[in-house]
Amino acid sequence: MRSLARWTLRCARRYRFDRNPLRRRSDRVEGVAVLITLLALLLCLWPAALAAGAVYQRGATAEREEPAQRRQVTAVLIEDATSTSTVSSQGAILGTKAKVRWYGPDRREHTQVMAVPAQSKAGSTLELWIDSADHPVAAPRTHAQTLADTIVAGFGVMAAAGGVLFLNLTLVRWLLDRRRYAEWDAEWAGVHQRWRRPRQP
């Protein structure tokens, strides 16, 4: 925390607007560029809040509607689970599937091959969510999922905007540094010429 305060104070001293005669025109231009970048970043809070609000509203609507559109049933494995892909570098089995059977509200039997926990045996059960057409679907959205999606949406907009803004600032500083280096080279060349000039008797 203390190091952050020192860094902030150092930046404020570097980019503050004053009448320091040692501050070059390029330094003042860089200070303006930093100020514009910070202001633009603050302005991006508005679209980030709008995006987060839209995602939250969609999630809240899904929270209200999905429980009425989906129901949970108990499915039974009618075969042992098998791995349909290779083993990962950590040793986990990927793509474990098996044929399962469940009954809809009308007591009709349904079977389908789907992902199941690894090493599941025939006869074991798992909880399954189905829609109005008795097709397997994801579980109804929870409030935690809505909050997580909201945070990701808001942070994503700010991260994208911040990346573009700081990339532009980096480009401006690179151009200013090139100009500073050229000015330094010219000044050193002038000093070198003055040093080599013979003194008048």
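Axes here are lines fitted to C-alpha atoms, for helices over the stretch in contact, and angles run from 0 to 180 degrees between N-to-C directions. Helices (H or I, at least four residues) and strands (E, at least two) are DSSP runs, numbered from the N terminus.

This is a predicted model, where local features need pLDDT of at least 70, side-chain atom pairs count only at pLDDT 80 or more, and totals for chains, interfaces and linings use all residues. Residues are numbered from 1 along each chain as its sequence is written, and side-chain values use heavy atoms, with hydrogens and water left out.

Let's start with the overall layout. The protein chain has four helices and six strands, in the order α-α-α-β-β-β-β-β-β-α.

Now look at two of the helices. The axes of helix 2 (residues 25–43) and helix 3 (residues 45–69) come within 4 Å and cross at roughly 20 degrees. That makes helix 2 roughly parallel to helix 3, a term for angles under 35 degrees. In contact (heavy atoms within 4.5 Å) are Leu41, Leu42 and Leu43 of helix 2 with Leu45, Trp46 and Pro47 of helix 3.

Next, follow strand 3 (residues 96–103). Its covered face holds Thr96, Ala98, Val100 and Trp102, while Lys97, Lys99, Arg101 and Tyr103 lie on the uncovered one.

| Partner of strand 3 | Direction | Bridges |
|---|---|---|
| Strand 1 (residues 71–77) | antiparallel | two bridges |
| Strand 4 (residues 109–115) | antiparallel | seven bridges |

Val100 in strand 3 is the bridge partner of Leu77, and Tyr103 stands opposite Glu109 in strand 4. The hairpin of strand 3 and strand 4 has five residues between the strands, and Arg107 takes a positive phi near 70 degrees there.

Key:
Angles under 35 degrees count as roughly parallel, over 145 as roughly antiparallel, 65 to 115 as roughly perpendicular and the rest as oblique. Buried means under 20% relative accessible area, exposed over 50%, partly exposed in between (1.4 Å probe, protein chains only). Two strands pair if DSSP finds at least two bridges between them.
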